[in-house]
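I opened my notebook to go through this model one chain at a time. Here are my entries, in the order I made them.

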Amino acid sequence: MRWVMLLAPLALLQADRTPDGFRVARPGHVFRFPEDHGNHPGFRTEWWYWTGHLQDEAGRAYGFQLTFFRQASPPSPWKGSAAWRSDELHLAHAALTDVAAGTFQFEERLDRGGLMAGAAPSGIQVFHGSWSAGADRLRFQVRGRSLELDVKALTPPVIFGEEGVSRKGSDPTAASHYVTYPKLQLAGQLRSAKGGATLVTGLGWMDHEWSSNQLDKDQVGWDWAGIQLHDGRSLMAYRLRKGDGSQDPWSSATLVDARGQVTARTRAFRMAPKGTWRSPRSGAAYPLPLEVSAFGETWILEPLVPDQELSADRPGGITYWEGACRVRDAAGVERGRAYVELTGYAHSLKGRF
Amino acid sequence: MIWLAWRVALRALLREPGRALLTCFAVGLGVASFLSIRLANRAAVASFEQFTRGVGSGSDFIVAGEAGPLPDAVITRLLPLQDEAWTRPVIEGSFNRAGTLEPFQLLGVDLVGLGAAAGEAPAEPQAQAPLQTSDFYAGLQDPLAVFISPALARAEGLAAGSSLGGVVDERPVTLRVAGVLPEAPGGALPRTLLVMDLPAAQALLGRPGELDRVDVGLRSGAAGPALEARLRELLGPGELLELPEQRAQSGRTMSAAFRFNLGVLSLIGLAVGAYLLFQAFDAAVTRRQESWATLRAMGLAPLAIEGLVLLEAGVLGLLGSALGLLLGWGLAQGAVRAVSRTVQALYGPAAAEQAHLARPEAFLAMLVGLITCLAAAWIPARRAGQLPPVQLLSRGAQARPMAWGKVALAGLFTLFAGLALAFLPRLPPGRAWHAYLGAFAVMAGGSAASLVLIPLVGLMGRRGTWKLELALRPLQRPTGRHAWAVAALAVAVGMASGMGVMVHSFERTVTAWIGTTLRADLYVAPLGATGANSRHRLAPELPGLLAADPDVTVVDTFQLRPIRFRGQSTFLGGADMALHARHGALVMAAGGDPAQVMRDVAARDLASPAAIASETFSRRFGLQVGDLLELPSPSGPVTVFLRGIYADYGNERGSLLVDRKVLEARWGEARFASLAIYLRPGLDPGAVAAQWQKRWPGLQIRSNAGLRAQVSTVFHQTFALTYALELVGLGVAVAGLVQALLGLTLQRRGELLTLRALGATDGEIAGILLGEGLGLAAAGLAGGIGLGLVLAQILVRVLNPQVFGWTLQYAVDGPFLGILAGASLLGALIALLPASRWASRLPADRAAEEGGA
């Protein structure tokens, strides 16, 4: 019995850290803002994720995605210099969907932390090259077109999960801290490559998530949706998929009311394909449109443009579908807008997060 | 006609394989010397340019600092362009292998950003860096990880995990191979290239936060001119925008003079070869004049006969050129290292290992060989075609004495005209066509003037034994064949002795310069520092440590930093001028007493600094003492007064020296490139050096004598190739001499038969023939050495100052000329001995039996 006593603190310690020393998202974390909007270098992976639906003065609809990833290198005594860090890599994706034109364009950037990319220790302040995002402003370019948006949060931040932890699997280290602004008021300018500018307005969504281990060992990918309903409610759902295609019990859906309060949370929900879209580039078959059934309601998420796949042409890059969708109810009535992310279809994400 | 061509022209060659082989050999050697230098030059320049551009060409612009390195942060100012352009920050350094001290160029680049640019810049060699793998992190997370070239990996069996020992600055380091660079699509990467991750390279080189340049490349769809305009807006003071082509161009221009000189030298072999070929074809025509006359008498047109002679020449030319291709390619493999070494010593890193024979080069070499042969056969062919049959058939018409007096006089006139052309015009620095033309005229004229020596040598036979008299008698009334042999030898010896005198003058000048310049007891530099382009620097604390040593009285520091002056890259140095004034360590070419010049420079205040320029610097930019120069500095332009010009034979880019306090105040602290140490009197510098060497193994510590010896070694290495080329020229000339003797023997057959009938032995006859050959050799040698002394005047007094900016003292190298003369005569003797023995046993020919000739 004595040896169990001896091992107990060690087990506790192990749960706090990954084997290579990164911090693990633990229940009971007390969120402090603006500090927790900033960088958490003790964790392996962190991302700041903006998506949104925009409309210009002529009524043309656009969707956009702007994502900043931070990934810590495996621990090593050599950390590079402050200007060129070797202990921290940054990946960024920006995408623009032009619904009227039926086009989708995206760009990827990969750099090291330091002069080329970084995130402030407190507050929302991330940049990657010429792309930047702050609490009240986004700036980025995609293939010659540039977007500058003023951002205003319409709700307080929403913290997903139980006791501040969003579990992703039976392994207690497969968990993240997950903070969201489900409703951001957006207004700004979209500039074309030729220099012409149009005013745009719309509604955005921001996720900020940090963790040291996102996926369980047998998970190959996930389907995620952020739904903004016309009635003011928001719904966030992620379905973690196992290698056999089944839904991991640690998948989760959360309903948020118009004031940003979590009203319901469940692991018992359904995400099912209402059709299939096959990518001509990667050959991956995505479950689109996607049907979400939770809390006694059903929503069908239909892509505004079918091809919104971000296909990595870089060796080791990740190919996934992330795009603007229309939300209908079972009767076919439009109920809102959504952004959907489908990963692990072109290749498994096992061991990548 | 084909039948005729076969019988008359080609079968004749088979019947006389010796003559055919000798001719082929002469053509082959000439073509080989021409080709090998061409190939070696090209390989050296290609590798030099690859280094100039740096690894992974494909950038459209280069951002560089005017007065030194760029700060890291320059990259953030370029971020607004990210939509249109990719950027590649680069730091450059030097690394030398342990043991061999083979110099490597070390490039630090951001390996992460480089991988990310893959999609946009497919031309980048390392663009396929595999991300997200342990290999990738091995390159990023090891401060000593390095990527090596495929050539090095192949040659030494190195792979990921191998180690690479050597020195950086004065520190011994062991780099770890993290991987092998992918082969560049545009051609092989230089063997001596190392690529490191940027922060690791900055740390290794002790230059945190510094960049040497930022390569900028257009993304697809972006417009060059628009990007250039935006780039210029974003650049700050002291930062400049260059095109990669400009960089390569400046390197090309820099070494162009050197390569041109080598190219001209390589033509000697061919030029001497042409002399001999003419002689060979002329002999062939003479020997078979009966055939030509018979053909003419049978009604064959003169043009057809000319065609037959030219056909024979063409066949020999092709065969000889093919031999030359083989020989030349082989020679090039040896020459390329020599050329590379020199280019590297004078101008910067170059690492050609192999010279490749491309089809156009082979074609050109064949063409040159063929044309030389046809040109040499042209006059003999016309003679064969146009001489009336009667005259051709008449016996005794051959070998008529030539009007040597007229030819020699014309030659003398041409020689003086050449001298006038070389010495009279005053052209801007770098241009020397008049000197090359003049030298050519001097060679042509001088070789003709040398004919005077043939009858002079002939007269010497009058006082000797009957054998000597018989041997030299034909020289009293020289024929065309004598003339050609002597002229060719004079050209070859002239070239060799001219170059020899030039090299000796150079050496004497440099030795004298070193004697004045090197006054300190010990010289300390990083182990790998091999030239002005080395980027190794000494640790900042080293001068202080050495100065504190009780054995040391003075530590003289020397700083050198690359700067741009008037758009060209050069060096700005800082030295303690007051110290130099006391120890008197520079030779002034202009500006007056060296000590006074140094004192004046030292006395200037920071507001109005003065400088001294190296001779090469002043020639390159056309400067004179008293000029005001505007230099870029991190704090804006600085105007300096040019107080003096000093002699410097070490660096062809030139350098400008200011007082150390000025350099530090206006350009900031720079690390020292070398130190000169003055010891307490009575100490043994060797012992102190040995003691220090143990403490600092990464330093090269040389005593005064040791440094002088090293300079001399490097000097001779540099000219190794020149010597090799001269040997080729001499070899061709001696081959020609043999050929001439064989031709002359055939002419003298009748006379020799008579001698034999009178009781002369084979040995005596061979001796007579040998005497004639050696007489010719002596005439050619004497003419050649005289010619060489004249040629050296042009090389020393016009070409070197004009092309390189080096003023040399003319100094005749007696021992060298003696060795040259001895070696030529010995070579001639060795070649003539079997030839004369063979000729003495020739069977009587029909003509002689009939009592003709």
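**Confidence in chain A**

I began with the scores: chain A averages a pLDDT of 90, where pLDDT is the predictor's confidence in each residue, from 0 to 100. I noted that 94% of its residues score at least 70. This is a predicted model, in which local features need pLDDT of at least 70, side-chain atom pairs count only at pLDDT 80 or more, and totals for chains, interfaces and linings use all residues. Residues are numbered from 1 along each chain as its sequence is written, while chains are lettered from A and ligands numbered from 1 in the order in which they are written.

Where in chain A is confidence lowest? I found it in helix H1 (residues 2-16), with a mean of 47. Strand S22 (residues 297-303) has the highest, at 97. Over residues 1-14 of chain A, the pLDDT is below 50. Where pLDDT is low, the predicted coordinates should not be read in detail.

**Make-up of chain A**

I listed one helix and 25 strands in chain A. These are DSSP runs, numbered from the N terminus: helices are H or I with at least four residues, strands E with at least two. Of its 353 residues, 46% count as buried. Buried means 20 or more other C-beta atoms within 10 Å of the residue's own, exposed means 12 or fewer, and partly exposed is in between, with C-beta atoms placed from the backbone. Among contacts in chain A between residues at least 6 apart in sequence, 58% join residues at least 24 apart.

**Backbone details**

I looked up two cis peptide bonds in chain A. One runs from A:Phe33 to A:Pro34, with omega near 10 degrees. A:Pro34 sits in the loop between H1 and strand S1 (45-56). Another runs from A:Leu288 to A:Pro289, with omega near -10 degrees. A:Pro289 sits in the loop between strands S20 (285-286) and S21 (290-294).

Next I checked phi. A:Glu163 is not a glycine, yet its phi is positive, about 50 degrees. I placed A:Glu163 in the loop between strands S10 (158-159) and S11 (166-167) of chain A. Is A:Glu163 buried or exposed? It counts as exposed, because it has 10 C-beta neighbours inside 10 Å.

In chain B, B:Asp169 also has a positive phi, near 55 degrees. It lies in the loop between strands S6 (163-168) and S7 (171-180). B:Asp169 has 26 C-beta neighbours inside 10 Å, so it counts as buried.

**Helix pair in chain B**

Last, I turned to H15 (residues 433-449) and H27 (residues 762-803) of chain B. They pack at about 180 degrees, with axes 10 Å apart. Axes are lines fitted to C-alpha atoms, for helices over the stretch in contact, and angles run from 0 to 180 degrees between N-to-C directions. The angle makes H15(B) roughly antiparallel to H27(B), a label for angles over 145 degrees. The contact includes B:Ala435 and B:Val442 of H15(B), and B:Leu787 and B:Ile794 of H27(B). I sorted the contact residues into 10 nonpolar, four polar and no charged. Ala, Val, Leu, Ile, Met, Phe, Trp, Tyr, Cys and Pro count as nonpolar, Asp, Glu, Lys and Arg as charged, and the others, Gly among them, as polar.

Technical notes: Angles under 35 degrees count as roughly parallel, over 145 as roughly antiparallel, 65 to 115 as roughly perpendicular and the rest as oblique. Two residues are in contact if their C-beta atoms, placed from the backbone, lie within 7 Å.
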